[in-house]
Amino acid sequence: MADDNVDAVNSSNVLDIYPLNHYYFGSKEALHCKEEILPDRIQRLKLNYNTHGIRTCVQAVLVVDLFKHPHLLLLQVRNSMFKLPGGRVRPGESDIECLRRKLSSKLSMSEDDSWEVGECLGMWWRPNFETPIYPFMPPDIKRPKECTKLFLVRLPESCKFIVPKNLKLLAVPLCQVHENFKTYGPIIAGVPQLLSKFSYNATDSV
């Protein structure tokens, strides 16, 4: 019985990843993106906090295989900023519902609830509006202003990614992302470490 439990745990830590050429990439109408300077963003966060309380965001970690190495799928905005697919959770909406909605709006042609959202890999906290974001809750903070949750999303063997014209979907090697805070920011740069408990099963099957 103990061996069976070990096998079950080990199997859950195996991540099946499929070659990038198994996926089709198309485009759709551009998605509206807020263009605002930092003071405007801080003011918007304050207004949202006064109305709804802590801001909760969810982001998806999607991995594919390229050149026999795991690659992370990232959205690029204005040829500069990189983001994990996701966004803000609406009042009354669950984390999973929000992530599926955001994945559909940014990576699909229509509303799609078949995204296989798995475990929460990590949580990041913003103690105050102006401060950086941390992978832990600072002990002296009682009312954080923002929480970002990263979820593993297991991709099927093949599917279509339909991306807004003003965004790019790029496959970036985990070795390039790892601790590259300057280019990708603290959350994305920390993803390879969050995935370190998984072994990758790269397959060419379709």
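Modeller: Start with charged pairs. Side chains of opposite charge can pair when their charged atoms come close. In this predicted model, Asp 95 forms a salt bridge with Lys 149, with 2.8 Å between the closest N and O atoms. Asp 95 belongs to helix α3 and Lys 149 to strand β9, so the pair ties together parts that are 54 residues apart in sequence.

Colleague: Is Lys 149 buried or exposed?

Modeller: Lys 149 has a relative accessible area of 18%. The cut-off for buried is under 20%, so Lys 149 counts as buried.

Colleague: How many salt bridges does a search of the whole structure find?

Modeller: The search finds 6 salt bridges. One of them joins Glu 119 and Lys 197, whose closest N and O atoms are 2.7 Å apart. This pair links distant parts of the chain: Glu 119 sits in strand β8, and Lys 197 in the loop between α6 (191–194) and β12 (199–202), 78 residues apart. Glu 119 is partly exposed at 31% relative accessible area, and Lys 197 is partly exposed at 44% relative accessibility. Salt bridges can also share partners: Arg 55, Arg 126 and Glu 146 are joined in this way into one network.

Colleague: Which residue forms a salt bridge with Glu 130?

Modeller: Glu 130 pairs with Lys 46, and the closest N and O atoms are 3.8 Å apart. Here too the pair links distant parts of the chain, with Glu 130 in the loop between β8 (116–126) and β9 and Lys 46 in helix α2, 84 residues apart. Glu 130 counts as exposed at 54% relative accessibility, whereas Lys 46 counts as partly exposed at 30%.

Colleague: What does UniProt list for residues 53–176?

Modeller: The UniProt record, an unreviewed entry, lists "domain: Nudix hydrolase" for residues 53–176. In the model that span is 13% helix and 47% strand, and its end C-alpha atoms lie 36 Å apart.

Colleague: How should I read the backbone angles? Where does Phe 67 lie?

Modeller: Look for positive phi values in residues other than glycine. Phe 67 has phi near 55 degrees, which is such a value. Phe 67 lies in the loop between β4 (63–66) and β5 and counts as exposed at 74% relative accessibility. Glu 179 also has a positive phi, near 55 degrees. Glu 179 lies in the loop between α4 (174–177) and α5 and is partly exposed, at 48% relative accessibility.

Colleague: Last, the cysteines. How many disulfides does the structure hold?

Modeller: The structure holds 0 disulfides. For Cys 159, the nearest cysteine sulfur is that of Cys 98, 19 Å away. A disulfide needs the two sulfur atoms within 2.5 Å, so Cys 159 is in no disulfide. Cys 159 counts as partly exposed at 21% relative accessibility, while Cys 175 counts as exposed at 59%.

Conventions: Residues numbered from 1 in each chain as written. Predicted model: local features only at pLDDT ≥ 70, side-chain atom pairs only at ≥ 80, totals over all residues. Heavy atoms only, no water. Buried < 20%, exposed > 50% of the residue type's maximum accessible area, 1.4 Å probe, protein only. UniProt positions renumbered as here; feature names shortened; annotations may be inferred. Helix = DSSP H or I, 4+ residues; strand = E, 2+ residues; numbered from the N terminus. Salt bridge = Lys/Arg side-chain N within 4 Å of Asp/Glu carboxyl O.
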